[in-house]
Amino acid sequence: MLSYELMLKAAGTLLLFASAGIWTAKNKRVGRERLLRLRGQIAFVGFVRERIERYLLPISQIIKECDKTVSDAVVIGCDSVDYLDIEGLRALLRTGRYYSDAGKEFDSFLSALGASYREDELVGCDACIKELSALYQKLSVEIPKDEKSRAVLAFCLSAAIVIILF
């Protein structure tokens with residue numbers, strides 16, 4: 001029969017490893033959101049580029065016509081997705097952890113949007129797509145490595161705590 005002390009130690013060990021698992025799962029979700037946001041930004045810039053090239057629509061009209069899946073991917077992980085114009089989108093994107101990956105590039109793209117002629121807009125869209133795609137390639141390699149190392153670290157730390165305390 002197990003003693004009361006041994007049962008408490010087993011429960012504590014279980015809690016330590018469960019918290020390490022939860023932290024690892026949250027870290028994976030955040031990493032996936034980062035990549036989805038970046039992919040959404042690339043799709044958004046591609047959508048804007050296509051509309052400027054084909055239809056010569058004003059920027060406010062382009063934003064209103066943006067596909068819901070693309071606009072949701074652009075702001076995934078943000079607190080609020082209630083925007084209707086470029087300034088509202090820029091204000092939303094400057095909040096929180098969103099700005100860390102490609103926020104500066106995307107924000108500068110949004111600030112320059114609608115301020116020049118068609119050809120300059122297309123060049124700006126192409127440059128932004130190139131920058132975001134390069135960053136996406138880099139992060140798609142780095143994020144899985146980072147997730148694995150953090151998971152190993154969390155479980156090793158939990159095991160070390162269990163060994164030290166018991």
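Student: Which residues is L16 in contact with, leaving aside its neighbours within four places in sequence?
Tutor: S158, I161 and V162. Keep in mind that this is a predicted model.

Student: And where is L16 found?
Tutor: In helix α1.

Student: How far apart are L16 and F155, in sequence and in space?
Tutor: They're 139 residues apart in sequence, but 8.7 Å apart C-alpha to C-alpha.

Student: OK, helix lengths. What does α1 reach from its first C-alpha to its last?
Tutor: 74 Å for 52 residues, close to the 76 Å expected at 1.5 Å a residue. After α1 comes L56, with a positive phi near 55°.

Student: What about α6, how far apart are its end C-alpha atoms?
Tutor: 67 Å. Helix α6 has 48 residues (118-165), so at 1.5 Å a residue it should span 70 Å, and the two values agree.

Student: Where does α6 bend?
Tutor: At L139, by about 25°.

Student: Switching to the largest nonpolar core: which residues have the most contacts inside it?
Tutor: F44 and F109, in a core of 30 residues. The elements giving two or more residues to this core are α1, α2, α3, α4, α5 and α6.

Student: What is F44 in contact with, leaving aside its neighbours within four places in sequence?
Tutor: I63, C66, V70, V74, L89, F106 and L110.

Methods. Residues numbered from 1 in each chain as written. Predicted model: local features only at pLDDT ≥ 70, side-chain atom pairs only at ≥ 80, totals over all residues. Heavy atoms only, no water. Helix = DSSP H or I, 4+ residues; strand = E, 2+ residues; numbered from the N terminus. Expected span 1.5 Å × (residues − 1). Bend = angle between axes of the 7 residues up to and from the residue. Core = buried A, V, L, I, M, F, W, Y, C linked by side-chain atoms within 4.5 Å. Buried < 20%, exposed > 50% of the residue type's maximum accessible area, 1.4 Å probe, protein only. Contact = heavy atoms within 4.5 Å.
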